[in-house]
Amino acid sequence: MKFAITSRGDQKSNTLMYQMRTHLMDFDLEYDEDQPDIVVSIGGDGTLLYAFHRYYSRLDKTAFVGIHTGHLGFYADWVPEEMEKLVIAIAKTPYQVVEYPLLEVIIRYQNGVRESRFLALNESTVRSVEGTLVMDVEIRGQHFERFRGDGLCLSTPSGSTAYNKALGGAILHPSLPAIQLAEMASINNRVFRTIGSPLVLPAHHTCMLKPVNQPDFHVTIDHLTFLHKDVKSIQFRVADDKIRFARFRPFPFWKRVHDSFISDR
């Protein structure tokens with residue numbers, strides 16, 4: 001088996017990375033940063049997001065597992081004290097693969113010559129470069145509303161506990177093949193009106209955003225921010241690709257939600 005390790009970069013995470021690399025190689029596993037079968041993320045959810053985007057071209061071949069060296073994460077279920085236990089599990093135990101849906105983002109431009117495609121593990125947001133964002137929202141090819149406000153957020157089920165939750169979106173179990181549309185400070189008065197509630201779209205529905213009065217936007221893909229000019233449309237759907245997590249033990253989603261937002265321990 002080939003493996004790679006991604007670290008958050010702090011001293012604690014780097015120390016664990018070097019120790020784990022040595023131990024796994026002692027079990028005759030091959031360290032390969034280019035074509036790993038399994039990637040170990042050491043840090044937090046942000047570290048795993050970085051690993052996901054680094055290896056997004058190998059999603060059908062690479063599985064991810066995380067050790068959290070900070071606060072409890074939604075993707076990292078091992079703690080530093082369990083490092084040796086995880087090493088033995090990787091080296092000796094066949095793991096279960098759990099797949100989570102991803103968000104596909106396709107940005108088309110006014111010249112019609114090219115398009116950009118991205119995959120998001122958590123969410124994608126769209127904001128205007130200047131002033132209020134004004135977008136026509138289409139669902140399944142039908143006009144739904146004209147949005148005015150600070151921005152829009154499209155999230156995956158596994159990302160529903162992140163920025164989406166802060167916007168008042170619902171928490172979705174990551175086994176659901178769906179995406180969620182949430183508003184950022186929409187303008188609602190006697191003249192302008194939006195739905196004002198998050199929308200959950202199934203896998204066979206597509207959400208399309210079309211600019212009304214300006215073509216330049218800041219678009220985020222997870223932790224990455226891009227400036228896109230001369231935008232004709234931005235399309236969102238459940239991706240055909242999925243992220244694969246290596247599970248060596250149960251990792252109950254609702255327990256993670258409880259421990260992260262409710263438990264005071």
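**Helix α5.** I started with helix α5 (residues 253-261) and listed its buried residues: Phe 253, Arg 256 and Val 257. Buried here means under 20% relative accessible area, exposed means over 50%, and partly exposed lies in between (1.4 Å probe, protein chains only). Seen down the axis of α5, these buried residues fall within an arc of 100 degrees, so they line one face of the helix. The arc is that of the directions from the helix axis to the C-beta atoms. I also noted the general rule that an α-helix has 3.6 residues a turn, so residues three or four places apart point the same way. Among what covers the buried residues of α5 is β5 (96-109). Helices (H or I, at least four residues) and strands (E, at least two) are DSSP runs, numbered from the N terminus.

**Ground rules.** I am working with a predicted model, in which local features need pLDDT of at least 70 and side-chain atom pairs count only at pLDDT 80 or more, while totals for chains, interfaces and linings use all residues. Residues are numbered from 1 along each chain as its sequence is written, and side-chain values use heavy atoms, leaving out hydrogens and water.

**Strand β7.** Next I looked at β7 (residues 123-128), which is mostly covered, with 5 of its 6 residues buried. Which strands does β7 pair with? I found 5 bridges joining β7 to β9, and the two run antiparallel. Another 5 bridges join β7 to β13 (residues 217-221), again antiparallel. Two strands pair if DSSP finds at least two bridges between them. For individual partners, I wrote down Ser 124 with Leu 154 in β9, and Thr 125 with Thr 220 in β13.

**Ser 155.** I then went to Ser 155, which lies in β9 (residues 142-155). Is Ser 155 buried or exposed? Its relative accessibility is 0%, so Ser 155 counts as buried. Leaving aside residues up to four places away in sequence, Ser 155 touches Asn 122, Glu 123, Ser 160, Asn 164, Ala 178, Ile 179 and Gln 180. Contact means heavy atoms within 4.5 Å.

**Two aspartates.** Last, I checked backbone angles, keeping in mind that most residues other than glycine have a negative phi. Asp 222, in the loop between β13 and β14 (224-228), has a positive phi near 55 degrees. Asp 230, in the loop between β14 and β15 (231-247), also has a positive phi, about 55 degrees. As for accessibility, Asp 222 is buried at a relative accessible area of 7%, whereas Asp 230 is partly exposed at 42%.
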